[in-house]
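Please look over the sequence and the model shown here before reading the notes on its pockets and its nonpolar core.

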Amino acid sequence: MADTPDIVFERFATATLDGMWLHHPDWASTLGLHEHDARLPDRSAEGLAALSAWAGERAAELAEIDTAQLSAQNRVDAAILAGQLALTRFHIDDLREHEWNPAEANPGTALYT
């Protein structure tokens, strides 16, 4: 039996969120997912480039999913996920706040939410 479009999307979304927590362990901690508490986000040039590339790959994979076939809830989730992946790339590649805003280097929010 073939997987339904909703099952395919839900697996993709779960894998994407798991990847997001690897790149943003501080976000995971804020949400109560404490398996990443021992790590801080990699804000080095290499780490940000890897995050941007990962977000681009995930966005391309998401674009291949026919969201018209998804349930209403999953269509909304797909739109939110697409927006977050695009926002991630925008922050790194276009806004480049890590180059001009010293507050971006502050790990305090990961320690004291």
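What volume does the second largest pocket have? The second largest pocket has a volume of about 230 Å³, whereas about 530 Å³ of space lies in the largest pocket. This is a predicted model, in which local features need pLDDT of at least 70 and side-chain atom pairs count only at pLDDT 80 or more, while totals for chains, interfaces and linings use all residues. Residues are numbered from 1 along each chain as its sequence is written, and side-chain values use heavy atoms, with hydrogens and water left out.

**Terms for the pockets**
- A pocket is an open set of points on a 1 Å grid over the protein atoms alone, where a 1.4 Å probe fits and protein lies on both sides within 12 Å along at least five of seven lines; lining residues have an atom within 4 Å of a point.
- Helices are DSSP runs (H or I, at least four residues), numbered from the N terminus.

**Largest pocket**
- About 530 Å³ of space lies in the largest pocket, and of the 26 residues that line this pocket, H24, W27, R43, L48 and E104 are the closest to its centre.
- Two or more lining residues come from each of α1 (5-23), α2 (25-30), α3 (45-63), α4 (72-95) and α5 (97-100), with the largest share, 5 residues, coming from α4.

**Second largest pocket**
- The lining consists of F9, E10, A13, L17, M20, W21, W27, N74, D77, I80, L81 and Q84.
- α1 and α4 each supply at least two residues of this lining, and α1 gives the most, with 6 residues.
- By residue type the lining divides into 8 nonpolar, 2 polar and 2 charged, where Ala, Val, Leu, Ile, Met, Phe, Trp, Tyr, Cys and Pro count as nonpolar, Asp, Glu, Lys and Arg as charged, and the others, Gly among them, as polar.

- Apart from neighbours within four places in sequence, L62 is in contact (heavy atoms within 4.5 Å) with F9, F12, A78, L81, A82 and L85.

**D18**
- D18, found in helix α1, is partly exposed at a relative accessible area of 42%, given that buried means under 20%, exposed over 50%, and partly exposed in between (1.4 Å probe, protein chains only).

Terms used: Grid points are joined across faces, edges and corners, and a volume is the space filled by probe spheres set on the points.
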